[in-house]
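Subject: Structure for you to look at

Hello,

Here is the structure I promised. Please open it and follow along with the notes below.

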Amino acid sequence: MINVALLSRWHVHADDYAREVKENEHLSVQLVWDEEEERGKKWADELGVPFEVNFQTVLDNPEIDAVVVTTPTSLHKDIIIAAAKHKKHIFTEKILAFTVEECEEIYKTVKANQVQLIVSMPRLTANYYVYAQKAVDKGWLGDLTTIRCRFAHNGAVAAGDGNYGWLPERFFDAAQSGGGALIDLGAHPFYLTNRLAGPAKALQASLHSIRNLGADDNAVVIVEYESGSLGIIETSFLSNGSPFQLELYGTEGTLLIEDEQIRLRSSQFEGNGWIQPEDAQESLPIPMEQWAAAIHGKSKPTITEEDVIQLTRLNEAAALSQEENRRIELIELLGE
């Protein structure tokens with residue numbers, strides 16, 4: 001059994017990860033720590049486990065094998081590095097850190113201490129992504145020319161006279177979160193499109209703060225990939241009823257995914273009409289399951305360091321693009 005400490009209820013997915021730990025036969029929640037004591041004690045009481053007020057005590061506890069980090073993103077680097085140095089395996093919410101430099105420092109420490117680090121990128125395990133990757137790999141779409149991916153919800157749509165929707169106010173504190181809709185929801189279209197299109201070359205971003213809550217709540221990014229394909233990334237906290245959409249367009253075909261419905265059209269198939277695949281791929285193990293399996297040495301995670309680094313790289317470039325109102329060549333961020 002892998003004994004787990006939950007570190008902070010700051011992120012809205014903290015409860016989801018606590019549930020996934022409890023549902024995994026190889027993992028066990030042992031205690032809670034939170035940078036806000038009152039919030040942490042309440043969570044610990046709900047889970048029926050002790051609350052530890054001192055973070056160092058968590059690290060020094062020999063009974064704790066691993067940690068789930070859902071702190072403010074601004075705390076990720078220090079907390080994850082400290083956990084790794086104390087030989088704790090780490091599961092964390094995206095994004096890993098605000099800069100590529102910070103990400104690389106984290107990975108260096110993780111490798112030196114031989115612990116497992118997984119960043120939650122759940123849509124890379126979904127059956128529709130697996131099918132989309134199969135369509136690209138088998139050439140059913142020909143040369144990939146454009147990917148459009150949209151992930152949006154109404155988390156900042158306030159009811160009545162309120163200023164915020166169902167997302168907590170702290171989500172719009174850029175000092176803690178690093179941004180708004182793009183860095184949070186936009187992460188999913190970014191990492192999916194990166195996987196499907198390959199290395200990115202440049203981008204231009206438009207991040208809007210329509211509600212003026214302190215961070216962007218509506219954003220679009222156009223990414224240019226080395227393959228020649230374009231990625232159109234759309235996200236919003238102000239979109240009611242917006243389905244998840246992943247669209248791939250190529251010289252030989254089109255693949256449309258809306259929520260979990262898949263339609264494919266390819267000149268390589270007889271009839272060249274729309275088909276709804278009956279042989280859609282099975283999902284991969286979710287990130288939490290991959291983490292547990294990796295700790296036990298049973299399998300290598302499909303979510304990679306490259307996925308994590310490139311997500312942060314594109315977020316850095318998007319922030320710079322917005323700040324300077326221009327197209328950003330990613331090589332600029334490498335100092336070359």
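E234 is buried, because its relative accessibility is 15% and buried means under 20% relative accessible area, exposed over 50%, partly exposed in between (1.4 Å probe, protein chains only). This is a predicted model: local features need pLDDT of at least 70, side-chain atom pairs count only at pLDDT 80 or more, and totals for chains, interfaces and linings use all residues. Residues are numbered from 1 along each chain as its sequence is written, and side-chain values use heavy atoms, with hydrogens and water left out.

E234 belongs to strand β9, residues 230-236. Strands (E, at least two residues) and helices (H or I, at least four) are DSSP runs, numbered from the N terminus. Beyond its neighbours within four places in sequence, E234 has contacts (heavy atoms within 4.5 Å) that include R148, F151 and P189.

Now the rings. Rings of Phe, Tyr and Trp (its six-membered ring) pair if their centres lie within 6.5 Å; planes under 30 degrees apart are stacked, over 60 edge-to-face, the rest tilted. That rule gives ten aromatic pairs. W10 and F171 are stacked, with 5.2 Å between centres and 20° between planes. They are 161 residues apart and link distant parts of the chain. W10 is buried at 2% relative accessible area. F171 is buried too, at 4%. Y164 and F172 are tilted, because their planes meet at 45°, with centres 5.5 Å apart. Y164 is partly exposed at 24%, while F172 is buried at 3%. One aromatic cluster holds Y17, F91 and W291.

Best wishes
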